[in-house]
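Good morning, and thank you for coming.

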Amino acid sequence: MEAMPLLLFLALLAVPAYCLQSPRQSYHLELARVDSVDTGSLNITDHELLRRAIQRSRERLASITPRLYPTRNRKVVAGEAPVLSAGGEYLVKLGLGTPQRCFTAAIDTASDLIWTQCQPCVKCYRQKDPVFNPMASTTYAVVPCNSDTCDELDTHRCGRSGSEDDDDDDVCQYTYTYGGNSTTRGTLAVDTLTIGDDSFHGVVFGCSSSSVGGPPAEVSGVVGLGRGPLSLVSQLSVRRFMYCLPPPASRSAGRLVLGADATAMRNASDRIVVPMSINPRYPSYYYLNLNGMSIGDKAMSSSLRSSMNATAPGTPDPNPNPNVAASPVPVSGDGDGGGGTGPDAYGMIIDIASTITFLEESLYEELVDDLEEEIRLPRGSGSTLGLDLCFILPEGVPMSRVYAPSMSLAFDGEWLKLEKEELFVEDRESGMMCLMIGKTDGVSILGNYQQQNIQVMYNLRRERITFVKTNCEAMTH
């Protein structure tokens, strides 16, 4: 290992984000669906692709509740991400090291760490990309365990890097837990990361030598886009990013834009801008205050709704005051009320790696009651897609010809309207129309199915998220 890169790194240890940014200020990446990169996916039906994505969503959800609501006396550490990363619905191609080696990473808005499997791999899952060899990179350097960077992860210890040529026992060894049985362990290091034609020096990443419950073989690691200091957007000092996801049936790639080009259309009539909320327990999450729900133009009639301060879409505001902006309220972290702020709001995580949306149990049950009143079709069961709420379609009649109401979610009084195609899917094998929303006894999650054909722009400097409906498939050409 060369001495100069390590000395340069040591001089910069105290700086949270110290990547040397290239002159370009924007970076465009294609977001491929995890099943689309499998050469065998051409022979897989749309039904099977959707079934797989729903199954991954449920596996991902299974780890949220014990991590968001641990026992009161248990210390929650920064090295734990409450969302399981084994799913990985959208993938990007990046380069690592000098000379660079390509690796395929799952994008995760609910975690921070960038990591890939490295040689020597003691206990790793099978991957299709060649496993990264850190000793073959001239710009690779380990992170000392007594550094501020190592302290960003509470679950770490001092040890050796695992290389036969390295006798240093002062290396930062980390354990990063995603929930359930999904864990990655290895050496925290720095190296050159390449995005397209642009390279960034000194990017902190996990060089994993052991991964349990890891992603599919198409994935070589994870790129966290969360709000913590070790995420990609934090390390590159990106002030905003945007993605646009086409409908799953199109099999088209999505688009991820980092930097100045990450904009959302300004003159769109359905553009909404929502302030981010903060959960002190998990500051890496992108939280929104969910403070209203409606079916069609009718507000849900729950006891919670009486204390929600958002009027239903199309309903006059009883106390209009255009000169007063809504104040974002921090999301409570006490585990009560689904992560909400007392009776006034429920926290909702935006998650690109979960396909279906999950609602806190009481909200989900009220949604089911209201949909049963609106949709004049008999309830069905036994969905081959694994979905809970289904309606039996008349024989020979497709979903496109039956009525289903829209649904709107209010985030600090700003309404995001979801049409039938963003709520339901046709289970052709079962002859039913099924809701792409499930229930959870933890915090609510806005999945990527409900984000389809929407520009979702994260303004990290102003701490707000913009939603604008558009044709995402057209953006990829």
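By a disulfide I mean a pair of cysteine sulfur atoms within 2.5 Å. Please bear in mind that this is a predicted model, in which local features need pLDDT of at least 70, side-chain atom pairs count only at pLDDT 80 or more, and totals for chains, interfaces and linings use all residues. Residues are numbered from 1 along each chain as its sequence is written, and side-chain values use heavy atoms, with hydrogens and water left out.

Let me begin with the cysteines. How many disulfides does a search of the whole structure find? The search finds six. With the bonded cysteines of the chain numbered in sequence order, they pair as 1-8, 2-3, 4-6, 5-7, 9-12 and 10-11.

One of the six disulfides joins C121 to C124, with 1.7 Å from S to S. The torsion about this S-S bond is about -75°, so the disulfide of C121 and C124 is left-handed. For accessibility, I call a residue buried under 20% relative accessible area, exposed over 50%, and partly exposed in between, using a 1.4 Å probe and protein chains only. C121 is partly exposed, at 32%, and C124 is likewise partly exposed, at 28%.

Another disulfide joins C150 to C172, with 2.1 Å from S to S. C150 lies in helix α4, residues 148-151, and C172 in strand β7, residues 171-179, so the pair ties together parts that are 22 residues apart in sequence. Helices (H or I, at least four residues) and strands (E, at least two) are DSSP runs, numbered from the N terminus. Why is the disulfide of C150 and C172 called right-handed? Because the torsion about its S-S bond is about 80°. C150 is buried, at 0% relative accessibility, and C172 is buried with a relative accessible area of 0%.

C244 and C472 also form a disulfide, their sulfur atoms 2.0 Å apart. C244 lies in strand β11, residues 240-244, and C472 in helix α8, residues 472-475, so this pair ties together parts that are 228 residues apart in sequence. The link of C244 and C472 is left-handed, with -75° about the S-S bond. C244 is buried at 0%, and C472 is buried at 1%.

I turn now to the aromatic rings. Rings of Phe, Tyr and Trp (its six-membered ring) pair if their centres lie within 6.5 Å; planes under 30 degrees apart count as stacked, over 60 as edge-to-face and the rest as tilted. The structure holds nine aromatic pairs. Among them, F241 and Y458 are stacked, at 4.3 Å centre to centre with 10° between the planes. F241 lies in strand β11 and Y458 in strand β26, residues 454-459, so the pair ties together parts that are 217 residues apart in sequence. F241 is buried, at 0%, and Y458 is buried, at 0%. Ring pairs link F241, Y243, Y286 and Y458 into a cluster.

Finally, a single residue. Is V34 buried or exposed? V34 is buried, with a relative accessible area of 2%. V34 is found in the loop between β1 (26-33) and α2 (46-61). Leaving aside neighbours within four places in sequence, V34 has contacts (heavy atoms within 4.5 Å) that include R56, G88, L91 and P216. The C-alpha atoms of V34 and A217 are separated by 9.6 Å, and these residues are 183 residues apart along the chain.
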